[in-house]
Amino acid sequence: MQPQVLAGKVGVVFGVANKRSIAWAIAQAWAAAGARLVFNYQGERLKENVEELVGEFGQSTALYPCDVSSDSDIAAFFEKLRGETDRLDLMLHSVAFAPKEALEGDFVSTTREAFRTAHDISAYSLVALAREAAPLMTNGGSILAMTYYGAEKVVPHYNVMGVAKASLEASTRYLAYDLGPKKIRVNCISAGPVNTLAARGISGFMAMMKHYQERAPLKRSCDPAELGATGVFLASDGGAAITGQVIYVDGGYQIMGM
Ligand SMILES: NC(=O)c1ccc[n+]([C@@H]2O[C@H](COP(=O)([O-])OP(=O)(O)OC[C@H]3O[C@@H](n4cnc5c(N)ncnc54)[C@H](O)[C@@H]3O)[C@@H](O)[C@H]2O)c1
């Protein structure tokens with residue numbers, strides 16, 4: 001059994017769609033480290049999936065709908081959460097979306113609407129969720145968001161999602177500054193490619209994976225369980241002085257110049 005470094009902590013997890021979701025890997029690791037978790041699901045379509053997965057933690061595990069592009073959904077979610085707990089310690093943001101056509105062609109063809117949608121769902125939502133979560137983090141807290149290297153370098157086809165991830169990473173720094181005095185830490189994990197539902201929407205994803213196997217110092221990307229372990233570290237006292245950072249869990253790919 002893992003050490004219970006998150007014993008007594010309460011966390012909220014945004015972004016489980018299915019068992020391959022990165023959010024699921026981090027939720028499993030947080031739960032194994034002793035945290036009690038509450039989940040969102042994006043809409044009725046995903047409810048059954050998420051319900052079945054979180055059933056693993058016992059029938060009493062709460063899950064509520066929340067489409068992060070809706071202010072009223074976010075308000076309703078946190079209202080229900082406040083009925084479950086008067087304190088929150090952890091929040092995971094593992095949510096992203098861009099219209100499929102924006103991830104296929106040239107970046108220069110990105111429409112205003114695709115740009116707006118990608119930024120709204122993939123970056124602004126972190127700010128909106130942090131604003132609701134912070135007042136509950138009365139004992140300090142740890143907020144984590146998932147990002148990708150396409151935020152800082154051009155990754156063909158990643159397009160507007162790279163620009164939205166740059167916004168997410170910058171938002172993390174500004175949130176870290178705002179919330180630091182309340183002992184709330186805000187960090188990103190920058191994961192190497194993982195074969196999930198969202199990843200399969202990026203054209204050329206398998207080529208990306210192969211590239212990491214050829215070029216990364218560790219000759220691979222990362223496993224979901226490793227993202228879970230980093231998620232536990234950042235949420236625990238081990239990460240107590242780390243905030244506003246992007247932590248790379250990518251087989252070392254990010255250090256390469258060529
Ligand atoms: N898979 C990868 O290779 C990879 C690499 C680096 C970072 N990431 C990031 O990890 C995070 C999770 O993605 P994943 O790969 O686990 O895929 P996933 O498809 O399992 O998860 C994406 C989640 O976003 C949710 N979502 C999308 N639009 C939403 C909305 N309007 N409201 C609420 N939820 C919404 C989906 O329901 C889903 O649960 C994303 O931020 C993604 O960009 C993924």
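This is a predicted model: local features need pLDDT of at least 70, side-chain atom pairs count only at pLDDT 80 or more; totals for chains, interfaces and linings use all residues.
**Entry 1: Phe77.** Phenylalanine 77 has a relative accessible area of 0%, so I noted it as buried, the cut-off being under 20%.

Entry 2: Next I looked up the aromatic pairs, and the count comes to ten. One of interest to me joins phenylalanine 14 and phenylalanine 77: the ring centres are 4.8 Å apart and the planes stand at 50°, so I wrote the pair down as tilted. I then checked where the two sit in the chain. Phenylalanine 14 belongs to strand β1 (residues 10-14), while phenylalanine 77 belongs to helix α3 (residues 71-84).

**Entry 3: Phe14.** Is phenylalanine 14 buried or exposed? Its relative accessibility is 0%, so phenylalanine 14 goes down as buried.

**Entry 4: a tyrosine pair.** I moved on to tyrosine 148 and tyrosine 158, which form an edge-to-face aromatic pair. Here I read 4.9 Å from centre to centre and 70° between the planes. Both tyrosine 148 and tyrosine 158 lie in the loop between β5 (141-147) and α5 (159-179), so this pair ties together parts that are ten residues apart in sequence. I looked up burial too: tyrosine 148 has 6% relative accessibility and counts as buried. Tyrosine 158 is also buried, with a relative accessible area of 6%.

**Entry 5: a cluster.** Which residues do ring pairs link into a cluster with Phe14? I found Tyr64, Phe77 and Phe78 joined with Phe14 in this way.

Key: Residues are numbered from 1 along each chain as its sequence is written. Side-chain values use heavy atoms; hydrogens and water are left out. Rings of Phe, Tyr and Trp (its six-membered ring) pair if their centres lie within 6.5 Å; planes under 30 degrees apart count as stacked, over 60 as edge-to-face and the rest as tilted. Helices (H or I, at least four residues) and strands (E, at least two) are DSSP runs, numbered from the N terminus. Buried means under 20% relative accessible area, exposed over 50%, partly exposed in between (1.4 Å probe, protein chains only).
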